[in-house]
Amino acid sequence: MTMSGDGQAGASQVALVTGGYDHTIKLWQAHSGVCLRTMQHPDSQVNDLEINPSGQMVAACGYQHIRMYDLASANPDPIINFEGVTKNVSRVGFQENGQWMYTGGEDCTARIWDLRAGRQFQCQRIFQVPAPVNAVVLHPDQSQIMVGGQSGIIHIWDLKTDHNEQLIPEAEASIQDIAIDPEGKLMACVNNKGNCYVWSLGGSPPRPVPRKHLHAHNKYALRCNFSLDSTMLVTTSGDCSAKVWSTKDWSLIRELRHDSQRWVWDAAFTIDSRYLFTGSSDSYARLWDLEKGTLEREYCGHQKPITALAFRDQAV
């Protein structure tokens with residue numbers, strides 16, 4: 001893990017950010033476990049966190065709010081508020097150059113927000129679906145957004161043509177999360193029955209071809225994420241575990257558990273794919289060594305469940 005620097009200069013390069021039900025967002029020094037700053041997220045839990053491409057800001061979404069925080073300053077309050085959303089906003093992400101942001105939520109929409117218009121950011125495009133949205137992810141080629149929700153449908157929204165296609169991996173099972181690997185060749189989703197489905201993505205525009213069905217967990221699955229080198233997929237669950245799978249043969253590499261862990265809400269790989277961060281209902285974030293399968297560090301400071309985390313360790 002490329003962990004160097006400390007204080008504010010290092011914070012913009014090596015940033016572990018966590019959020020949850022205690023209405024706070026914490027910025028950690030990843031290699032020491034020291035909490036550098038606590039930012040306020042009033043009125044709501046944090047559903048998702050995403051660090052922008054420049055590494056200077058983190059977006060947080062919750063109930064009827066999307067907020068942006070400056071990671072490089074000592075300001076504990078959001079510097080930008082996106083207004084006009086109703087219900088829970090479940091996911092947030094950025095276009096590769098940071099020109100726009102995308103969100104999805106319980107108002108049955110995925111939205112694109114133009115980030116170039118000063119501080120008065122406007123919702124530029126709305127994609128309406130028939131059920132609350134739990135997952136949105138942008139394909140690395142920036143041409144498609146995958147939208148998944150409680151209906152069990154994955155909508156493939158083509159941003160160039162506005163056309164959309166539907167994928168139904170399992171009837172009557174809510175899609176909880178969707179991930180696409182950094183190479184844009186694999187897509188995975190997890191559902192509320194603990195199942196994980198994987199597709200190969202090929203062609204232009206990319207088309208999904210069924211690749212693998214994993215019965216990953218015995219309970220609710222919550223998140224899935226690919227490692228930066230595309231060799232691993234992590235799934236997290238209400239069964240108190242995170243599981244790391246090989247994308248080569250879909251074998252289980254590691255099952256990460258801790259006595260007090262409870263639901264594992266989110267997980268993120270380090271850039272070298274050697275370590276994994278997890279956030280759990282027991283209010284701890286944890287750092288795991290994937291080669292050894294050992295718990296390396298705990299991040300203690302939240303008073304309630306951690307439901308979202310974001311990590312960035314490349315220099316900006």
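## A walk from a β hairpin to a cavity

Start by selecting strand β12, residues 133-138: the strand is mostly covered, with six of its six residues buried (buried means under 20% relative accessible area with a 1.4 Å probe, protein chains only). Strands here are DSSP runs of E, at least two residues long, numbered from the N terminus. Bear in mind that this is a predicted model, where local features need pLDDT of at least 70, side-chain atom pairs count only at pLDDT 80 or more, and totals for chains, interfaces and linings use all residues. Residues are numbered from 1 along each chain as its sequence is written, and side-chain values use heavy atoms, with hydrogens and water left out.

β12 pairs with β13 in the antiparallel sense over five bridges (pairing takes at least two DSSP bridges between the strands). Click V137 and look across to M146, its bridge partner in β13. Then go to the five residues between the strands of this hairpin and pick Q142, which takes a positive phi near 65°.

The whole structure holds two cavities of 30 Å³ or more; a cavity is a set of points on a 1 Å grid over the protein atoms alone where a 1.4 Å probe fits but cannot get out, and lining residues have an atom within 4 Å of a point.

Which strand gives the most to its lining? Select β9, which supplies three residues. β9 (100-105) and β10 (109-114) each supply at least two. Show I66, V85, R111 and E106 too, all among the lining residues.

Key: Buried means under 20% relative accessible area, exposed over 50%, partly exposed in between (1.4 Å probe, protein chains only). Helices (H or I, at least four residues) and strands (E, at least two) are DSSP runs, numbered from the N terminus. On a 1 Å grid over the protein atoms alone, a cavity is a set of points where a 1.4 Å probe fits but cannot get out, and a pocket is an open set with protein on both sides within 12 Å along at least five of seven lines; lining residues have an atom within 4 Å of a point. Grid points are joined across faces, edges and corners, and a volume is the space filled by probe spheres set on the points.
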